[in-house]
Amino acid sequence: MSRYVNPFTDIGFKIIFGQPASKELLIILLNELLAGEHHIEDLVFLDKEDRADNIHDKGIIYDLYCRTDSGEFIIVEMQNRWHSHFLDRTLYYVCRAVSRQIENPLPKHIPIPENRDENGMLVKEEFVPYGKRYQLSTVYGVFLMNFKEAGLEEKFRTDTVVSDKDSGAVVNPHFRQIYLQFPYFTKELVDCNTLYDKLIYALKNMSNWSRMPDALKDQVFEHLAKLAAVANLSEENRIAYDKAVDRYSVSQIVEEDERRAAEERCRIALEEGTRKGIEKGIKEGIKEGRKEEQYNIARQMKNDGVPVNSIIKYTGLAIEEIEQL
């Protein structure tokens, strides 16, 4: 059994990124993902359940839901297996996080000294203009995917923004999605020159390691090793993790069985198609061969001066075919 938890199990993902002790590691990962765009100093974990008033929206539970020190909201989700309409669901999740800012706004009223009475009591709250009510903070959706999604390009990372279709210019910077398709990350450790690449490499491969590679001796990986060590899990987390690993293993077996069954169906279909094609080819070949033989006989009879009616009688060819010889 691996020394480290599998990040692609639900409990493994939460152990590595979803507890107070792992906040620093999550911030490092997010800053690597958002390098050159945004830098997070601190964040807080929010309630992962969307407690919407609409009954149809209830039950939405994000893997991780955070708010940064500068006001951005971040959804981080790990998805181990493909399911239909995956991209639609991730779009809905980010849209819900955007709409919650209007439905459940943070306090925006600032006490104004000149509107207080002599006792210091607030007489009137700050007036908020109509347009300002819709001022939004950026929402990032980060989706770690242990599968290939047909709706995305065949590459590891896909970034989506709200942009102009023709120019590509960003129209609204407050809506961002980042998709990471791990099957497309094929770098070896020797090719990982940045902290970003090393983190991704570790997440993809650590469940197979008995120890942390010598090339990953930075402090961040020491912290990752401590967090993810199976031996360091509490009894409660160990029981939950063992169950998650069982589910993960069964899922992998089912996927492998489905893949082999699909390959077998393709092989049988290919063999059947090939057999029918060969049979058809033989029949057509024989037919063509017979036709050519009829032409040769007719050509010889015509050269010998045999009447056309006799050639038709003995070869079965049409008069037009005989005339063209």
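The exercises below work through a predicted model of a protein.

**Exercise 1.** State how many helices and strands the protein has, and what share of its residues is buried.

*Solution.* Begin with the secondary structure: it consists of eight helices and eight strands. Next take burial: the protein has 325 residues, and 35% of them count as buried.

**Exercise 2.** Describe the contacts and the accessible surface of the protein as a whole.

*Solution.* Consider contacts between residues at least 6 apart in sequence; 60% of these join residues at least 24 apart.

**Exercise 3.** Determine whether Y130 is buried or exposed, and where it is found.

*Solution.* First locate the residue: Y130 lies in the loop between α3 (86-103) and β6 (139-145). Then apply the cut-off: exposed means over 50% relative accessible area. Y130 has 57% relative accessibility, so it counts as exposed.

**Exercise 4.** Work out how the buried residues of helix α5 are arranged, and what they pack against.

*Solution.* Start with the residues of α5 (residues 219-228) that are buried: V220, F221, L224, A225, L227 and A228. Viewed down the helix axis, these buried residues fall within an arc of 165 degrees, so they line one face of α5. Now check the other side of α5, where Q219 and K226 are exposed. Last, find the packing partners: the buried residues of α5 pack against α1 (10-17), α2 (23-33) and α4 (195-205).

Conventions
Residues are numbered from 1 along each chain as its sequence is written. This is a predicted model: local features need pLDDT of at least 70, side-chain atom pairs count only at pLDDT 80 or more; totals for chains, interfaces and linings use all residues. Side-chain values use heavy atoms; hydrogens and water are left out. Helices (H or I, at least four residues) and strands (E, at least two) are DSSP runs, numbered from the N terminus. Buried means under 20% relative accessible area, exposed over 50%, partly exposed in between (1.4 Å probe, protein chains only). Contact means heavy atoms within 4.5 Å. Accessible areas come from the Shrake-Rupley method with a 1.4 Å probe; for residues, only the protein chains shown count as cover. The arc is that of the directions from the helix axis to the C-beta atoms.
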